[in-house]
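Hello,

Here is the structure I promised to hand over. My notes on it follow below.

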Amino acid sequence: MKKPLVVGLSAAFFGAAAAAGVLVPSATAAEAPSAHAKAKAEIKAEAKASEAKAAPDFAGTVALSNCSGALVKMPDSKASDPALVLTNGHCREAGMPEPGQVIVDEDVKRDMTLLDAKGEDAGQLTSTKIAYGTMTDTDVTLYELDSTYEDIKSETKIDPLEVQAAHPKEGTAMTVVSGYWKETYSCSVDAFVPELREDGWKMKDSIRYTKECETKGGTSGSPIIDDSSGTILGINNTRNEDGEECTLNNPCEVDKDGKVTVHDGIAYGQQTHTLTDCVAKGNKVDLSLPDCKLPKP
């Protein structure tokens, strides 16, 4: 977790066996290896094409003045609803929320840049308010925009990224997509941390990445994309940079028994499925919904 950056810079193939006692003509035997190799090549090509199709691109991501973000929809969002942009709580322009602080319906006009698949500017977005923001239990800001999804689609040809409603699973292949840097970081969900502490903030059920995702300042707020589904499973927010214990930019893990562990160089994100239980009809945040577990003011 970094303080906001200065504006302008966070089914296998099996060969058939000959039946016992049946002779195979020499011509067929000679052709078999070639046919086998061709089939393997086709399967390999199909797998490669499928992998390429699943690899997340920049479409729907957002570049903020100090962080990354994404144009997002909930599972029940409608095209006519006011659009939402997701980033971190600590990316708030007015400053990082204090521990225990929850922001609801704060009028904020903020400009941001929507990106296309190649990471090029697709259009400008403007918020009207912070619908929800906090750094308690999680690290999230959800902006409401002055335009609907269908308005944005008409003007930019860009669709929002969907926030998945299910808790992610360990081992899931994932990609952190940074609109700020126009860079991607691919790795897997390594584990879930009961409590992640950083300076005075505490986050629950955080996502620990495998070591391949070496994120950096400016990648804060980037959506964590499930490579197989293309949906958002979390939001990138911090990394232990110096091996220190529980200090700013050096989060530590606390298990259920209170044991503190430090993983130098390892990055983390916050789950976003919790948001889906707190957004009602019309894309309005409603913390009174029965399944909503987000912190309240």
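Is cysteine 278 buried or exposed? Cysteine 278 is buried, with a relative accessible area of 1%. Here buried means under 20% relative accessible area, exposed means over 50%, and partly exposed lies in between (1.4 Å probe, protein chains only).

Some ground rules before the rest. This is a predicted model, so to speak of local features takes a pLDDT of at least 70, side-chain atom pairs count only at pLDDT 80 or more, and totals for chains, interfaces and linings use all residues. Residues are numbered from 1 along each chain as its sequence is written, and side-chain values use heavy atoms, with hydrogens and water left out.

**Disulfides**

The structure holds four disulfides. The criterion is a pair of cysteine sulfur atoms within 2.5 Å. Counting bonded cysteines along the chain, the pattern is 1-2, 3-4, 5-6, 7-8. Three of these bonds are described below.

Cysteine 278 is bonded to cysteine 292, with an S to S distance of 2.0 Å. The torsion about this S-S bond is about 100°, so the disulfide is right-handed. Cysteine 278 sits in the loop between α3 (273-276) and β17 (279-280), and cysteine 292 in the segment after β18 (284-285), so the bond ties together parts that are 14 residues apart in sequence. Helices (H or I, at least four residues) and strands (E, at least two) are DSSP runs, numbered from the N terminus. Cysteine 292 is buried, at a relative accessible area of 6%.

Cysteine 187 pairs with cysteine 213, S to S 2.1 Å. Here the torsion is about -100°, so this disulfide is left-handed. The pair links distant parts of the chain, 26 residues apart: cysteine 187 is in strand β10 (residues 183-198), while cysteine 213 is in the loop between β11 (201-209) and β12 (223-226). Both cysteine 187 and cysteine 213 are buried.

Cysteine 246 is joined to cysteine 252, with S to S at 1.9 Å. A torsion of about 95° makes this disulfide right-handed. Cysteine 246 counts as buried because its relative accessibility is 19%. Cysteine 252 is buried, at 0%.

**Salt bridges**

There are 11 salt bridges. The cut-off is a side-chain nitrogen of Lys or Arg within 4 Å of a carboxyl oxygen of Asp or Glu. Side chains of opposite charge can pair when their charged atoms come close.

Arginine 208 takes part in a salt bridge with aspartate 190 (3.0 Å, N to O). Arginine 208 lies in strand β11 and aspartate 190 in strand β10, so this bridge ties together parts that are 18 residues apart in sequence. Arginine 208 also meets glutamate 253 in a salt bridge (2.8 Å, N to O). Glutamate 253 belongs to strand β14 (residues 252-254), so that pair ties together parts 45 residues apart in sequence.

How exposed are the partners? Arginine 208 counts as buried, at 16% relative accessibility. Glutamate 253 is buried, with a relative accessible area of 8%. Aspartate 190 is partly exposed, at 33% relative accessibility.

Salt bridges that share partners also join Asp105, Lys129, Glu144 and Lys284 into one network. Another salt bridge runs between lysine 153 and aspartate 159, where the closest N and O atoms are 3.1 Å apart. Lysine 153 is partly exposed at 35% relative accessibility. Aspartate 159 is partly exposed too, at 44%.

**Largest cavity**

The largest cavity has a volume of about 70 Å³. A cavity is a set of points, on a 1 Å grid over the protein atoms alone, where a 1.4 Å probe fits but cannot get out; lining residues have an atom within 4 Å of a point. Grid points are joined across faces, edges and corners, and the volume is the space filled by probe spheres set on the points.

Lining residues include Met1, Lys2, Thr215, Lys216, Asn236 and Arg239. The lining divides into one nonpolar, seven polar and four charged residues. Ala, Val, Leu, Ile, Met, Phe, Trp, Tyr, Cys and Pro count as nonpolar, Asp, Glu, Lys and Arg as charged, and the others, Gly among them, as polar.

**Threonine 138**

Threonine 138 lies in the loop between β6 (121-134) and β7 (140-148). At 8% relative accessibility, threonine 138 counts as buried. Leaving out residues up to four places away in sequence, threonine 138 touches Met203, Gln270 and Gln271 (contact means heavy atoms within 4.5 Å).

Best wishes

Definitions and conventions
1 Å grid on protein atoms, 1.4 Å probe; cavity = no way out; pocket = protein on both sides within 12 Å on 5 of 7 lines; lining within 4 Å.
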